[in-house]
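I hope they are handy while you have the structure open.

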Amino acid sequence: MDGFINFLKPPGMSSHDAVNCVRRALGLKKAGHAGTLDPGAAGVLPVAVGRATRLLEYIGDGRKTYRAELCFGAETDSGDDLGAIVAESGAPMPDEAAVSRAVQNLTGRIEQTPPIFSAVKVGGRRACDLARKNETIEIPARTVEIYRLEVLARREAEKTLLLDVECSKGTYIRSLCRDLGRLTGALAAMRFLVRSRVGDFFLENAHTPEELQTLGEAAVEPPEKYLGSLFRYELPEARKRAFLHGLPTRIEEILEAEKPIAVFSGGAFLGVGRFDKDEASLAAEKVYGVAE
């Protein structure tokens, strides 16, 4: 059994628990996920089983979209309402002009510092593990891209904003809510989060744990369905065996180097390759097909 599952993770389940849920439902051992989703959040979690686990790194690079709610008035150590309050603000609900300016400043390529309660590695150890031991942590800022940040609704009485976010890999929505609060002069923390897209995985097609129990193997889909962000190259049938054995193939077409390429032959997905412009050749980086 090999392929991808578009899993709908419920709140309260960790990403690791979600993978174990898939293993139990399908009766297999080899499974993994792309794009960790916080235990308190819900939404799309791509899960790979069997040979497809070697392709997970190409899934997490796709664009992600989220629906989030932030609440003004306090900032927490985790960036959401599950953490301990570290600062409070008596400032009123920011007006629409202040929110609009903050949204503009947080759209595009920005520098963002992940929360201390995150899976970011610091000195080879996860920041969240260090934070739980009350160790001092300094997490460097990283460059991320916010393609779209839209305010869908504001509730004056509750001092909340409902946000729609489309962003790049590595973006923390908890940090985005925290930074929006700081830019408006009223501290904020995220209250809930739903991930609606990871690359070609969409919420409307995701399977709940209960649906997975019913569908079983029918929920497993071919990996090429979710590799639409990669350039596709059709390799001559005569070079299929060479590719599957890791041998390069010289090609006339000039492809973009440094980027992964989804390689097919006769319509069958073989794996992911890379183009060497110096050698004008294409070779396998991750083989998916079975060598004869």
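1. Let me start with Lys159, which sits in the loop between β10 (142-155) and β11 (160-167); strands here are DSSP runs of E with at least two residues, numbered from the N terminus. Lys159 is not a glycine, yet its phi is positive, about 55 degrees. Its relative accessibility is 22%, so Lys159 counts as partly exposed (buried means under 20% relative accessible area, exposed over 50%, partly exposed in between, with a 1.4 Å probe and protein chains only). As background, most residues other than glycine have a negative phi.

2. A word on the source: this is a predicted model, in which local features need pLDDT of at least 70 and side-chain atom pairs count only at pLDDT 80 or more, while totals for chains, interfaces and linings use all residues. Residues are numbered from 1 along each chain as its sequence is written, and side-chain values use heavy atoms, with hydrogens and water left out.

3. Ala280 also has a positive phi without being a glycine, about 50 degrees. It lies in the loop between β17 (268-276) and β18 (281-287). Ala280 counts as buried because its relative accessibility is 16%.

4. (A salt bridge needs a side-chain nitrogen of Lys or Arg within 4 Å of a carboxyl oxygen of Asp or Glu; Lys and Arg count as positive and Asp and Glu as negative, with His and the chain ends not counted.) A polar atom of the Lys9 side chain lies 3.2 Å from the backbone oxygen of Pro39. Beyond its neighbours within four places in sequence, Lys9 is in contact (heavy atoms within 4.5 Å) with residues including Ser14, Leu37, Asp38, Gly43 and Leu45.

5. Strand β12 (residues 188-198) pairs in the parallel sense with β3 (residues 42-49) over two bridges; two strands pair if DSSP finds at least two bridges between them. Gly43, one of the contacts of Lys9, has Arg195 as its bridge partner in β12. Strand β4 (residues 64-72) pairs with β12 in the antiparallel sense over nine bridges, and there Tyr66 stands opposite Arg195.

6. β12 also runs antiparallel to β13 (residues 201-202), joined by two bridges, with Arg197 opposite Phe202. Their hairpin has two residues between the strands, and Gly199 takes a positive phi near 60 degrees there.

7. Which strands make up the open sheet, and in what order? Five strands form it, in the order β14-β16-β17-β18-β15, with mixed pairing. β14 (231-234) and β15 (249-250) stand at the edges with a single partner strand each, so one side of each has no neighbour in the sheet. β14 runs parallel to β16 (residues 261-265) over four bridges, and Phe231 has Ile261 as its bridge partner.

8. The structure holds five aromatic pairs (rings of Phe, Tyr and Trp, its six-membered ring, with centres within 6.5 Å; planes under 30 degrees apart count as stacked, over 60 as edge-to-face and the rest as tilted). The Phe264 and Phe269 ring centres are 5.4 Å apart with planes at 55 degrees, so this pair is tilted. Both residues, Phe264 and Phe269, are buried. Phe269 and Tyr288 also form a tilted pair, because their planes are at 40 degrees, with centres 5.5 Å apart. That pair links distant parts of the chain, with Phe269 in strand β17 and Tyr288 in the segment after β18, 19 residues apart.

Key: A polar contact is a pair of N or O atoms within 3.5 Å; within protein, one must be able to donate a hydrogen and the other to accept it, and residues adjacent in sequence count only if both atoms are side-chain atoms.
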